[in-house]
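Okay, thanks for coming, everyone. Let me put the structure up, and then I'll walk you through a few spots in it.

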Amino acid sequence: MKVSLGCLLFLTLPNFAFGGSFQKMDASTIYFEGMINPGDAKQLKSLINEKTKLLIVQSPGGLSWEAQEMGQYIREANLDVVVQGGCFSACANSLFLSGKNKYLSESFRIDRKMYDFGGVVCLHG
């Protein structure tokens, strides 16, 4: 019974209980990791500038309406999207699909820089 109760409590926690974070890796790259929460779209928009080319994501998903707004900013900025690890649910449906170019391969080149990542995308809906 303890395991069932623990699972029930975990499943009923609000999506924003486990927040995500952004990191500016260099002038052209933003990294996002974690759940998609209220305010993430606004934070992403504040980090994007004319030099930004790439968004690297690792997310189990989160709030779909917030992810849709993030996807709009990704499309407007013509960002490429790379999945490092996993991109599930709202991340896959909105962030990954909004990328100008989408990468899952283990290595790729953008602006003479070589990146090595592996990734899994799980769509639903």
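So, let's start with Ser-89, which is partly exposed, with a relative accessible area of 23%. Bear in mind that we're looking at a predicted model here. You'll find Ser-89 in the loop between S4 and H4.

Asn-78 sits in the loop between H3 and strand S4, which covers 80-88.

Which side chain makes a polar contact with the side chain of Ser-89? That of His-124, at 2.8 Å. In sequence the two are 35 residues apart, yet in space His-124 and Ser-89 are 6.2 Å apart, going C-alpha to C-alpha. His-124 belongs to the segment after strand S8, and that strand is 119-122. If you skip the neighbours within four places in sequence, His-124 is in contact with Ser-89 and with Asn-93.

Okay, cysteines. How many disulfides does a search of the whole structure find? The link between Cys-87 and Cys-91 is left-handed, with -105° about the S-S bond. Are Cys-87 and Cys-91 buried or exposed? Both are buried.

What about Cys-122? Its closest cysteine sulfur is the one in Cys-87, but that's 8.9 Å away, so it's too far for a bond. Cys-122 counts as partly exposed, because its relative accessibility is 34%.

Last stop, a pair of helices. Two packed helices are described by the angle between their axes and the distance between the axes. For helix H3, residues 64-76, and helix H4, residues 90-98, the angle is about 10° and the axes are 8 Å apart. So H3 and H4 are roughly parallel to each other. And who makes the contact? From H3 it's Ser-64, Ala-67, Gln-68, Met-70, Gly-71, Ile-74 and Arg-75, and from H4 it's Ala-90, Ser-94, Leu-95 and Ser-98. Sort that contact of H3 with H4 by class and you get 5 nonpolar, 5 polar and 1 charged residues.

Conventions
Residues are numbered from 1 along each chain as its sequence is written. This is a predicted model: local features need pLDDT of at least 70, side-chain atom pairs count only at pLDDT 80 or more; totals for chains, interfaces and linings use all residues. Side-chain values use heavy atoms; hydrogens and water are left out. Axes are lines fitted to C-alpha atoms, for helices over the stretch in contact, and angles run from 0 to 180 degrees between N-to-C directions. Helices (H or I, at least four residues) and strands (E, at least two) are DSSP runs, numbered from the N terminus. Angles under 35 degrees count as roughly parallel, over 145 as roughly antiparallel, 65 to 115 as roughly perpendicular and the rest as oblique. Contact means heavy atoms within 4.5 Å. Ala, Val, Leu, Ile, Met, Phe, Trp, Tyr, Cys and Pro count as nonpolar, Asp, Glu, Lys and Arg as charged, and the others, Gly among them, as polar. A polar contact is a pair of N or O atoms within 3.5 Å; within protein, one must be able to donate a hydrogen and the other to accept it, and residues adjacent in sequence count only if both atoms are side-chain atoms. Buried means under 20% relative accessible area, exposed over 50%, partly exposed in between (1.4 Å probe, protein chains only). A disulfide is a pair of cysteine sulfur atoms within 2.5 Å.
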